[in-house]
Amino acid sequence: MAFFKTFLQKISNDDSSKGSKGAETAYFGTVKADPNFNAENDAEKLKKAIETKGVDEATIVEVLAKRSNAQRQQVKAAYQQSTGKPLADALKKALKSDFEEVVLALLMTPPEYDAFEIKRAMKGLGTNEAVLSEILGTRSNKEITAMKNTFKEVYGKTLEEDVKSEFSGHLEATLLALCKATRSEDYKIDDGLAKSDAKALFDAGENRVGTVCSVLIDVLTSRSESQLCKIFQYYGQYSKKGLAKVLESELHGNLEECLMTLVKSAWNKPALFAEKLHLAMKGLGTNTDTLTRIIVSRSEIDLLKIIQEYKRMYGKTLQEDILKETRGDHEKILLTLCGTQ
């Protein structure tokens with residue numbers, strides 16, 4: 001959090017905008033499609049690896065972690081065609097523990113994996129609110145819509161129904177607003193609207209006793225990331241604290257975390273994920289679910305940027321910490337997904 005406190009304090013003095021962001025065409029994933037891909041050959045390699053005494057984990061890593069998600073779907077189909085059995089079922093029987101979790105995550109499509117993670121976060125006693133905030137707060141409208149469709153197909157209920165049964169109050173309102181997948185994604189900035197939104201946020205929080213959460217929720221869940229960055233800058237004209245510090249002082253618990261996710265994601269999404277990875281490996285024990293979810297889900301989007309931010313924020317590489325915190329085949333597959341930088 002220290003990085004973001006420093007980083008977000010600079011926003012009010014920064015005249016840069018994210019208006020050019022839409023022009024980005026470079027690829028920042030660490031996993032690329034294999035140019036010599038052959039689904040039938042890969043399916044046969046996996047069949048042999050699974051049937052080998054003791055299981056050939058190295059081949060499983062080599063095949064699944066070095067293919068794009070689209071290629072993995074073709075391998076799944078080829079394996080089913082060849083053996084008459086689902087590849088995921090065969091791997092579940094053959095593997096165990098954290099390595100199994102990564103392998104099964106790689107076999108899902110991105111919407112399937114997001115839906116799976118959200119459903120798992122709401123299962124059993126207690127709910128892992130941070131997972132819902134992370135996924136709904138960082139995905140595009142298209143990604144959220146695809147995930148919601150998959151969620152309904154797989155689990156027989158809408159995501160909104162589950163959110164309503166698990167949450168209440170302002171957090172429920174925030175998550176349901178994000179579920180709509182109607183957030184602006186326009187890279188053009190409306191300067192006048194940014195000024196009025198900044199004033200509305202100031203009046204709803206710092207400038208009164210008690211916080212009008214509905215105003216915070218409305219602005220943070222409906223404006224584009226580019227627009228939010230401009231709002232953060234104008235907010236500095238009304239407040240010496242900056243919006244991040246105000247949210248921390250005015251709000252608490254899961255709502256604060258959810259809204260802060262939106263703020264951090266708008267300003268620097270790779271840095272948000274770098275922070276989450278760092279916290280997952282900090283202190284006693286490692287949150288392997290978070291480690292797996294972020295590395296797998298961002299491996300074809302922006303994991304390269306996340307790795308760069310991690311080094312900048314913590315003075316060491318993500319790979320160094322993975323080596324320290326994980327072991328065996330689990331370590332190998334995560335490092336393979338991180339690439340060779």
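Me: How are α6 and α17 oriented to each other, parallel or antiparallel?

Reply: Angles under 35 degrees count as roughly parallel, over 145 as roughly antiparallel, 65 to 115 as roughly perpendicular and the rest as oblique. The axes of α6 (residues 97–107) and α17 cross at roughly 30° and come within 10 Å, and α6 and α17 are therefore roughly parallel to each other. Axes are lines fitted to C-alpha atoms, for helices over the stretch in contact, with angles from 0 to 180 degrees between N-to-C directions. Helices (H or I, at least four residues) are DSSP runs numbered from the N terminus, as are strands (E, at least two). This is a predicted model, where local features need pLDDT of at least 70, side-chain atom pairs count only at pLDDT 80 or more, and totals for chains, interfaces and linings use all residues. Residues are numbered from 1 along each chain as its sequence is written, and side-chain values use heavy atoms, with hydrogens and water left out.

Me: What is the handedness of the crossing of α6 and α17, and which residues make the contact?

Reply: A crossing is left-handed if the near helix is turned anticlockwise from the far one by less than a right angle, and right-handed if clockwise. α6 passes α17 in a right-handed crossing. Contact means heavy atoms within 4.5 Å; here α6 supplies Asp98, Glu101, Val102, Ala105 and Leu106, and α17 supplies Thr288, Thr292 and Val296. By class, four of these residues are nonpolar, two polar and two charged. For the classes, Ala, Val, Leu, Ile, Met, Phe, Trp, Tyr, Cys and Pro count as nonpolar, Asp, Glu, Lys and Arg as charged, and the others, Gly among them, as polar.

Me: How do α11 and α16 cross, left-handed or right-handed?

Reply: α11 passes α16 in a left-handed crossing. The axes of α11 (residues 169–179) and α16 come within 9 Å and cross at roughly 30°, which makes α11 roughly parallel to α16. On the α11 side are His170, Leu171, Thr174, Leu175 and Leu178, which meet Asn254, Leu255, Cys258, Leu259 and Leu262 of α16. This contact has seven nonpolar, three polar and no charged residues.

Me: How many cavities of 30 Å³ or more does the structure hold?

Reply: On a 1 Å grid over the protein atoms alone, a cavity is a set of points where a 1.4 Å probe fits but cannot get out, and a pocket is an open set with protein on both sides within 12 Å along at least five of seven lines; lining residues have an atom within 4 Å of a point. Grid points are joined across faces, edges and corners, and a volume is the space filled by probe spheres set on the points. The structure holds two such cavities. The largest has about 70 Å³ of space, and its lining includes Asp98, Glu101, Ala105, Thr288 and Thr292. α7 gives the most to this lining, with four residues.

Me: What space lies in the second largest cavity, and which helix gives the most to its lining?

Reply: The second largest cavity holds about 30 Å³. Helix α15 (residues 243–250) gives the most to its lining, with four residues. Five lining residues are nonpolar, two polar and two charged.

Me: Which element gives the most to the lining of the second largest pocket?

Reply: That element is α16, with 11 residues. About 480 Å³ of space lies in this pocket. Its lining has eight nonpolar, five polar and 10 charged residues.
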